[in-house]
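Open the model in your viewer and keep the selection panel at hand. Each stop below gives a selection and says what to look for.

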Amino acid sequence: MSNEQSTNNAGIVEDKQLNSRLQECPIAIVGMASVFAESRNLGQFWDTIVESVNGIQDVPENRWAIDDYYSSDKKEADKSYCKRGGFLPEIDFDPMEFGLPPNILELTDITQLMSLVVARDVLADAGIGDENSYDRDKVGITLGVGGGQKQGGQLVSRLQGPVLDKVLKASGVSEADRNIIIDKFKKAYIPWEENSFPGLLGNVIAGRIANRFNFGGTNCVVDAACAGSLAAIKMAVSDLLEYRSEIMISGGVCCDNSPFMYMSFSKTPAFTDGEDIRPFDDQSKGMMIGEGVGMIALKRLSDAERD
């Protein structure tokens, strides 16, 4: 038997065991919250479904300039042949509500900030507040992450000063002028300082939520590509079935519709070349990317009924 067959068989056995445990101990969804394209909260999200709202649009002007990165020619270097997707709406955010000093907002990735908002809302929807007598050491969070973190691109770009210096020097630009140009170039990006690294890390998304809401249970993120949220929920369910936790928050996070992500999927190529996507259609020709944060609160059914 090959290693691949052994792995597949092990996965089948694990799934059967999980299904057996779920029959003995069903899991209940006791809260939901989200921020998606065209919807600032869960209620608006349901409305977009009922009203058949299409959340796909051209890249908004306040994100990035289409003319800078778009070309209908799939083979053109450093250009995306897709200019459409799903984009998060503007959300009111009070950093002090989440214990964040305003001066580190610029250094904190949008995935962390939006996840704090949705985590707050899912706890409220589940009726889990500071006034409740829940053992916080038995509350955990697992999240699927997708794509990259926008801050990473900013910080990497800031390190390109030496490359720019060589290009300018080879073009005959004086040292004094090179220094001025490079300094202006670096100011276009966020600086490297003590809060920069935690601000860009994907694993801090769950950690920052656990810290803010005083969760003492499991907290981690899972990257399983497009199955990230599914993998995270499976981990959350296992935590409940094995009685390591009493409440688990789980879901998925992806907020990076940056030029980098568009370039990544364009050069694969995975994007559709049409105006819209048809994910369950025989005529499907590819995908598009959308930003969003969705979370659910889970309990063992017996505990949910008790509460």
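Is Arg-120 buried, partly exposed or exposed? Arg-120 is partly exposed, with a relative accessible area of 27%. Buried means under 20% relative accessible area, exposed means over 50%, and partly exposed lies in between (1.4 Å probe, protein chains only).

Before moving on, some ground rules. This is a predicted model, in which local features need pLDDT of at least 70 and side-chain atom pairs count only at pLDDT 80 or more, while totals for chains, interfaces and linings use all residues. Residues are numbered from 1 along each chain as its sequence is written, and side-chain values use heavy atoms, with hydrogens and water left out.

**Stop 1: the whole chain**

Show the cartoon. The chain has 12 helices and seven strands. Helices (H or I, at least four residues) and strands (E, at least two) are DSSP runs, numbered from the N terminus. Along its principal axes, the C-alpha trace spans about 75 × 50 × 50 Å. Of the 307 residues, 40% are buried. Among contacts with a separation of 6 or more, 75% come from residues 24 or more positions apart. Contact means heavy atoms within 4.5 Å.

**Stop 2**

A salt bridge is a side-chain nitrogen of Lys or Arg within 4 Å of a carboxyl oxygen of Asp or Glu. Side chains of opposite charge can pair when their charged atoms come close. Asp-121 is partly exposed too, at 25% relative accessible area. The structure holds 15 salt bridges.

**Stop 3: H4 against H9**

Select residues 110-125 for H4 and 204-212 for H9. Their axes are 9 Å apart and the helices pack at an angle of about 45°. Axes are lines fitted to C-alpha atoms, for helices over the stretch in contact, and angles run from 0 to 180 degrees between N-to-C directions. H4 and H9 are therefore oblique to each other. Angles under 35 degrees count as roughly parallel, over 145 as roughly antiparallel, 65 to 115 as roughly perpendicular and the rest as oblique.

Now show side chains. Thr-111, Gln-112, Ser-115, Leu-116 and Ala-119 of H4 touch Val-204, Ile-205, Arg-208, Ile-209 and Arg-212 of H9. This contact has five nonpolar, three polar and two charged residues. Ala, Val, Leu, Ile, Met, Phe, Trp, Tyr, Cys and Pro count as nonpolar, Asp, Glu, Lys and Arg as charged, and the others, Gly among them, as polar.

**Stop 4**

Jump to Asn-179 in helix H7 (residues 175-186). From Arg-120, Asn-179 is 46 Å away in space, C-alpha to C-alpha, and 59 residues away in sequence. Asn-179 is partly exposed at 46% relative accessibility.

The contact includes Leu-164 and Leu-168 of H6 and Ile-181 and Phe-185 of H7.

**Stop 5**

Select Asp-276 and Arg-84. Their side chains meet in a salt bridge (3.7 Å, N to O). Asp-276 sits in the loop between H11 and S7, and Arg-84 in S3, so the pair ties together parts 192 residues apart in sequence. Asp-276 is partly exposed at 38%, while Arg-84 is buried at 12%.

**Stop 4**

Finish with Lys-299 and Asp-307, whose closest N and O atoms are 2.9 Å apart in a salt bridge. Lys-299 is buried, with a relative accessible area of 4%.
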